[in-house]
Amino acid sequence: MTQAQTQQPKQKREFFGSRNMFILAAIGSAVGLGNIWRFPYIAYENGGGAFIVPYVIAVVCAGIPLLFFDYVIGHRYGGSAPLSMARISRWLESIGWWQVLICFIIGLYYAVIVAWAAMFMIYSFTGAWGDDANAFFFGDFLRMSDEVAYTGEFVGAVFWPELLVWVVTFIVIFLGVNKGIAGANLIFMPLLVVMFVIMVVQALFLPGATEGLNALFTPDWSALARGEVWAAAVGQIFFSLSVGFGIMITYASYLKRKSDLTGSGLVVGFSNSAFEILAGIGVFAALGFMAQAAGTTVDETATSGIGLAFVAFPTIISQAPLGELIGVLFFGSLVFAGFTSMVSIIEVVVAGVRDKLGLSRQAAAIAVITPMAIISLLLFPTTAGLYFLDVFDAFVNQYGILAAGLVAIICVGWIAGKLPLFSRHLSRLSSIPANWVWILFIGAIVPVALAYMLATQLMKDTSEVYGGYPPEFVAVFGWGMVIALVVVAIILAALPWSKRVDPTFDEAAEEAEVEAIYQARLARERGEKPASPAAVNEKE
């Protein structure tokens, strides 16, 4: 403990009540909308059954190492993304704020998607979309304007449920790590699993389900020779695991000292992948039914994202036996998966602001969520809301999450040279060691893969205007937003820290404590009594 820490009042940090609560919250963050509406189509489009090969390799060589990387930063330095980065080195603090601001942008539009899903869960009882789900969603429900510009014309069917989403999110964050975040995941995650499994089983018994599964899992082995297929596998696992933008750093900072980091990471990583494969089975079984009912092929009905969730599935619901039940289960799953992910996203922003200003959790929740909710409610429940959502989502994912993850690895791993230290920390405290293989993956393979994906996307987006939108719209809300994130992150990093929070860090003291915990574990394994209980139990 440094002299500064003894002289200043220290802000009390919250902890998860148990490792299981942390794992549940981490899975709740990882399992989100992308698992359900993105993975099935990505797999189908990139070789079908053959895609499982690069996907599994991506999980092992990129996804799990990235999880460990985020875990060790949050756990070792015990702070939000900005505080943890500042404790590694003060010049790295801006990377932490970059991650916070990425979550700020994502949180703005994530709320409206959860609101859509909640409304469509209700619509499933009545079949409100009628015979034309596409016209209903874009016309009757969103009332999309033809002009790609802010209209200020609000859509009540979207505004009020989104406001409710923000209120519930505020309550969960306000209640804290255990009563709020862990409590919400303890309720919603089991409900999500049960509802989704029932939906998948029901989909498997639909006429044409076999054709859908054949379309998904029939392997195209020639796809493995294409670099974009491997990039798609890395991209899917990168986005779906909630790595690279502060979430897992923040959650890991709420773990107690004696926590199995690598064991937890494996549970989270493979649970996320299992849910994605389950989603692929359920979605393509339903698309197979849709194709048979329409007299078309699965190729003509397969889609992803908003089109899958709010156009294809309502069409399936209207035609399928017990379609109302499928609708409630599917859209209910989207609500629960989206909400648990949204809580983790907002928590990153709250934790960063709380640490920087030395605020209580309650004050930080008010200071962060109030302006976020206002901005979100002004932009997205409008007739032009979908345009803003589309551009924000595309650019913050490609040039926010991807770029921030790459820069963090280069700066922390290569320039600051922390990977050997992190490897030792992970190995000393965990059931599965993170040895030189992990260093090789996170230090070489992952940054090369991310750099390739970033360069490929950059060439594409600079050769044509994204989405066919007006160039000025993309320039302001796409590229302008990306540049603003970096500039604001640098400004926030230059601001002074609250006197209640010490951004310095004693690496030697931390090493001594980790070593004491490790030696105590070895002593227990030999049946001996730990030599220094006080050192081992510190920070517990």
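Guide: Ala, Val, Leu, Ile, Met, Phe, Trp, Tyr, Cys and Pro count here as nonpolar; Asp, Glu, Lys and Arg are charged; the others, including Gly, are polar. Keep that in mind. The model is predicted.

Visitor: Which residues line the largest cavity?

Guide: Phe39, Ala43, Gly48, Gly49, Ile52, Leu216, Phe217, Ile277 and Gly280. Helix 4, helix 11 and helix 14 each give at least two residues of this lining. Six are nonpolar, three are polar and none is charged.

Visitor: Which helix gives the most to the lining of the second largest cavity?

Guide: Helix 19, with four residues. Helix 5 also supplies at least two. Among the lining residues are Leu66, Asp70, Gln99 and Ile409. By class, this lining has five nonpolar, three polar and one charged. Its space is about 40 Å³.

Visitor: At what angle do the axes of helix 5 and helix 6 cross?

Guide: Two packed helices are described by the angle and the distance between their axes. Helix 5 covers residues 52–77 and helix 6 covers residues 81–88. Their axes come within 9 Å and cross at roughly 80°. Helix 5 is therefore roughly perpendicular to helix 6.

Visitor: Which residues make the contact?

Guide: Helix 5 brings Ile73, Gly74 and Tyr77. Helix 6 brings Ser84, Met85, Arg87 and Ile88. Four of the contact residues are nonpolar, two are polar and one is charged.

Technical notes
Residues are numbered from 1 along each chain as its sequence is written. This is a predicted model: local features need pLDDT of at least 70, side-chain atom pairs count only at pLDDT 80 or more; totals for chains, interfaces and linings use all residues. Side-chain values use heavy atoms; hydrogens and water are left out. Axes are lines fitted to C-alpha atoms, for helices over the stretch in contact, and angles run from 0 to 180 degrees between N-to-C directions. Angles under 35 degrees count as roughly parallel, over 145 as roughly antiparallel, 65 to 115 as roughly perpendicular and the rest as oblique. Contact means heavy atoms within 4.5 Å. On a 1 Å grid over the protein atoms alone, a cavity is a set of points where a 1.4 Å probe fits but cannot get out, and a pocket is an open set with protein on both sides within 12 Å along at least five of seven lines; lining residues have an atom within 4 Å of a point. Grid points are joined across faces, edges and corners, and a volume is the space filled by probe spheres set on the points.
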